[in-house]
Amino acid sequence: MAKAFRASAGIMLAPAVTLIGVFVLLPMLLTVWLSFQDWSTQTPFSEASFVGLGNFHEIFGPTSVGRDFKTALLNTAIYTALSVVLILPLSVVFGLLVYQREVAGGTALRTVLFSTYMVPMIAVALVWSKLYSPSEGPLNQLLGLVGIGPQPWLSSPRSALVSIVLLNVWQQVGYFTVLAIAGLTQIPGSLYEAATLDGANGSEQFRFITLPLLRRTLLFSAVIAIINAVQVFEPVALITQGGPVGSTNVLTYHIRRVGIERAQGGLGSAMAVMLMLSLIVCVSALFAFVNRKDSE
Amino acid sequence: MSAATRSLARKRPSGRKALLASAMLLVAVASAFPLAWMVLSSLKTPAETMQVPPVWIARTPTLEAYEKVAGVINVGRSMWNSLVIASVTTAGVLVTSTMAGYAFAKYSFPGRSLLFSVLIATMFLPPIVTLIPLYRMVGSLGLSASLAGIIVPNLANAFGIFLMRQFIAGVPDDLIDAARMDGASELLILYKIVAPSIAPAIAALALFAFVYHWNSYLWPLTVLQGNADAYPIVISLSRLLSYNRGAVNTGLVMAGATLAVLPPLILFVFLQRFFVDSIVGSAIKG
């Protein structure tokens, strides 16, 4: 049984707790503190001067600072929602394709799907920027073969953000497929046997057994997908620089531009705090939604 | 296929099987296509990359593009930097995670579950939330523009602690108590008794950490502030982008991307069992 080895516990925990405390928790608290300060990132923290809610007024205000932030917030919300809405159903469908035992090759498919998750995002961004190339890019060439005209992809404000969502989905869906498979293996086979005896067909079994029992897995997947989606940076920093006309300006990119490149540390921190609050609200709402379904 | 299995196969609805098989093939092709195209393009001549309709496979594969990459960025130096960043960080993560994981799994002490919850909460914190003050802090420590600045803040992470705690909890207490009876110190027990019995999980964590830090972009870019000598390969790649205007340099960019992709992908191909098992493990036990 576990025993009270207090001194040993202190030694064992010291490295990890110190490092996470200093390099994660402390900066997080500093971000919150800085969001109420006027502070240039070029200067020591001691130079910060308290401005109350001034930064928050500014980032939600009518000036260009406010307009840019609100655009970035909206773009991030759209990007995140689209990513989750595409990744979750695909991960279940792909998970079923890997998990089924009627046709061989499931494990090979899993390997192919998951391999994209190992690829550095920077390489993904480079490859897809070429795939999306309007004139000689392979995607438009392939669309041409099936009679669809060339798409502007990253070069149009209407399609640029969606194009980045698609490359994100391509990269990440394998990881979520593995999570879905983990959920599927937890469902007792006897449930399906009983349902078959009761005359339930495949789609009924999916609807009344598979989906409800995957709910916890999907909740976990949704949370991770949201956290991953707000981190999108490389394709934007490298290819679109937030454009065309701000259509791909997302929060991670925008906060870094304001807080590091323009050294407006107070404003950038206020934006980071809003991102943190939005995440807390979204994740809590998701949990509340799933828990209510559970109690139904 | 023997006659017997063929007749067996016929008993199943074969249309359904064909549909399943083609769906699987379609998904696999769509998933593999971008990386396959990347490698194939890196082997083409500039003329071939511009051709319409496209040439999918080079008539005579050439390493010309790779030579050109070596002319634009210092490939050896960048790969070495990436290797140092990824391996040193991984080593640190393994040490800090196994120690903390052991404490959380096998000791009881006041505030254990509170401390664990606080640490785990940091797992869900996007790095951008701490980036601005962290950038300033690392600068004040005199670590900016150096490999140490990239590595030090990442030597411990909540995911590692979580994963190690899950697996160490499964190590029998009798094993640990027996070693204590023999007078072994706690650190000795951790590295001689506990660690070997969760070797696959440690391997999984090592691979995860290595690939994650090999691929990591935002933090190195922010810390290094243009010190090209310390660039890992993923940051050096962005330099190829100034050569990225127009299709003439597609081969160059794809050759650079291939170089950055190969190490994590090779690790994955050989060790994917560990990756997959630990994801499944963390999801189910979590």
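Reader: How many residues of chain B are in contact with chain A?

Author: In this predicted model, 76 residues of chain B are in contact with 76 residues of chain A. They are called contacts because C-beta atoms, placed from the backbone, lie within 7 Å.

Reader: Which elements of chain B give two or more residues to the side that touches chain A?

Author: They are α2, α5 (75-106), α7 (128-140), α9 (158-168), α12 (199-215), α13 (218-224), α14 (233-240) and α15 (250-285) of chain B. The largest share, 15 residues, comes from α15(B).

Reader: What makes up the side of chain B that touches chain A, by class?

Author: That side has 60 nonpolar, 11 polar and 5 charged residues. Gly counts as polar here.

Reader: Why is chain B divided into domain 1 and domain 2, and where do they lie?

Author: Domain 1 covers 3-65 and domain 2 covers 72-285 of chain B. These bounds stand because an automatic or database domain assignment gives them. The centres of the two domains, taken over C-alpha atoms, are 33 Å apart.

Reader: How do you know that domain 1 of chain B is in contact with domain 2 of chain B?

Author: The cut-off for a contact is 7 Å between C-beta atoms, and 10 residues of domain 1 of chain B are in contact with 10 residues of domain 2 of chain B. On the domain 1 side, α2 (14-42) and α3 (46-50) of chain B each give two or more residues. α2(B) gives the most, with 5 residues.

Conventions: Residues are numbered from 1 along each chain as its sequence is written. Chains are lettered from A and ligands numbered from 1 in the order in which they are written. This is a predicted model: local features need pLDDT of at least 70, side-chain atom pairs count only at pLDDT 80 or more; totals for chains, interfaces and linings use all residues. Two residues are in contact if their C-beta atoms, placed from the backbone, lie within 7 Å. Helices (H or I, at least four residues) and strands (E, at least two) are DSSP runs, numbered from the N terminus.
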